[in-house]
Amino acid sequence: STAEYQAMDAAHHIHAFLDQKALNEEGARVITRGQGLYLWDSEGKKYLDGMSGLWCTNVGYGRPELIEAATRQLQQLSYYNMFFHTTHPAVVELSERLFSLLPGSYSHVIYTNSGSEANEVLIRTVRRFWDVMGQPDKKIFIGRHNGYHGSTVGSASLGGMAFMHEMGNLPIPGVEHIAEPYWYAHGGKLSPAEFGLKCAQELEAKILQLGADKVAAFVAEPFQGAGGMIFPPESYWPEIQRICKKYDVLLCADEVIGGFGRTGEWFAHQHFDFQPDTLSIAKGLTSGYIPMGGLVLSRRMAEALVAKGGVFAHGLTYSGHPVAAAVALANLDVLQGEGMVEAVKQDTGPYLQACLRQIFAEHPLVGDIQGTGMVAALQLCEDKASRQLFANEDDIGWRCRTHGFDEGLIIRSTHGRMIMAPALAITRSEIDELLDKTRRAVDRTAQELGL
Ligand code: PLP
């Protein structure tokens, strides 16, 4: 029964990013089934999953193609490693396909099991690259406040979540942070374009302060996700690109949530029109059916590491796992075969974004609407005219999310922003349902606040 599952869960399981004691008192929702865009809990309640799990089930739940690919691969070769001068067909075919989706400037990938691991691998790979290039002093990484790159020591250090840093004596030495480019909250009287340039130029100031000969890389999400969704002003990325080129600082894009079609392009950096040196990938690579991530390297980096690098003392038991690789390949078959990324760009994405703006532009609780393709956020605000945010924004967002659950909807709240990132497989009528339920959750929150 639900109560038994909740009691067993409370007895043994530490959850992610939650007050465990409060959760145990409330009892976790037990999710038992998923199909398409929908989830069901152990009480039989149905939810429209407006977050595609954790921005990952890009093809939706329960696709037989992915399930059959996993089964076939488990029967054929359930596991093998890359350590003994060995490889296997599933991983070779996946890599071939992956690079067919990327323009010519990328050539190699190091596979991992998650996004956090991809960013751990990033730290060592970038430092190794600069060693091989004869610049061993280039060791420092610059990330952004409120960026999120994972939960492990290195990845949480690259990220800029203060409360994560406080719990674990982070960041590790050699990681610095600059401002997040969130015009709505921090832009003041500057125009978005001016503010975008100002934020990017903080990177230049930081590089000059630390010394360009010491800075290895700048790491950021093309659009910021878990730290409160932020789409930077258009002026931001071209200026960042210019600065990284000028000082020969690697530009590392965390594509863990932006990759595999979320913005209507295969990768989010393509949407923002810049050219990173590395891409950290995970989530949508397998639509979350099985864990897999990776670090994609530019030709320049790969050539240095392969031609001149010798042994790179790095390896993971499950790197390029055959079952994960087979599922990833089947996932890409579905995404490509059904034209899901094109649909997000040309049809469902513009539809979602236009309807959101139509419904919420005048809403008293919604100060700003951001997003593109199949990802969007509503900024809840106390006073629309002055862009005044709530002092207790997490609490307000949390309430709105809870109303969503009551309405049979899963949306996420971070920093007072209500985020939606449904599966790319969503139809127009499912978008209508998503918006209808979101509207009701936001209205209920506004009513409680007397707005
Ligand atoms: N990078 C970004 C941008 C993420 O959003 C996440 C997770 O949400 C990660 C990295 C970490 O990925 P994982 O949870 O697979 O370790």
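Author: The crossing of helix H5 and helix H14 is left-handed, a term used when the near helix is turned anticlockwise from the far one by less than a right angle, with right-handed meaning clockwise. H5 covers residues 89–100 and H14 covers residues 322–337; the two pack at an angle of about 35°, with axes 8 Å apart. Here the axes are lines fitted to C-alpha atoms, for helices over the stretch in contact, and angles run from 0 to 180 degrees between N-to-C directions. Helices are DSSP runs of H or I with at least four residues, strands are runs of E with at least two, and both are numbered from the N terminus.

Before going on, a word on the model. This is a predicted model, in which local features need pLDDT of at least 70 and side-chain atom pairs count only at pLDDT 80 or more, while totals for chains, interfaces and linings use all residues. Residues are numbered from 1 along each chain as its sequence is written.

Back to the helix pair. From H5, the residues Ala-90, Val-91, Glu-93, Leu-94 and Arg-97 meet Pro-322, Ala-325, Ala-326, Ala-328, Leu-329 and Leu-332 of H14; contact requires C-beta atoms, placed from the backbone, to lie within 7 Å. By class, this contact of H5 with H14 has nine nonpolar residues, two charged and no polar ones. Ala, Val, Leu, Ile, Met, Phe, Trp, Tyr, Cys and Pro count as nonpolar, Asp, Glu, Lys and Arg as charged, and the others, Gly among them, as polar.

Next, look at strand S4. S4 (residues 106–112) is largely enclosed by the rest of the structure, because five of its seven residues are buried. Buried means that 20 or more other C-beta atoms lie within 10 Å of a residue's own, exposed means 12 or fewer, and partly exposed is in between, with C-beta atoms placed from the backbone. Strand S10 (residues 293–298) pairs with S4 in the antiparallel sense over six bridges, and pairing needs at least two bridges found by DSSP. Within this pair, Val-109 stands opposite Val-296 in S10.

Another strand to find is S5 (residues 140–144), which holds Phe-141. Phe-141 counts as buried because 27 other C-beta atoms lie within 10 Å. Setting aside neighbours within four places in sequence, the contacts of Phe-141 are Ile-123, Leu-158, Gly-174, Val-175, Ala-216, Ala-217 and Val-219.

Now to the ligand. The ligand is surrounded by 15 residues, of which Ser-114, Gly-115, Ser-116, Gly-150 and Val-256 are the closest; a residue belongs here if its C-beta atom, placed from the backbone, lies within 6 Å. Helix H6 (residues 115–132) gives the largest share of this shell, three residues. Seven residues of the shell are polar, six are nonpolar and two are charged.

Finally, here are some backbone details to look for. Most residues other than glycine have a negative phi, and most peptide bonds are trans. Leu-170 and Pro-171 are joined by a cis peptide bond, with omega about 0°, and Pro-171 sits in the loop between helix H8 (162–166) and strand S6 (175–178). Asn-169 lies in the loop between H8 and S6 and has a positive phi of about 60°, although it is not a glycine. Asn-169 is exposed, because 8 other C-beta atoms lie within 10 Å. His-415 also has a positive phi, about 50°, but counts as buried, with 20 C-beta neighbours inside 10 Å.

Conventions. Two residues are in contact if their C-beta atoms, placed from the backbone, lie within 7 Å.
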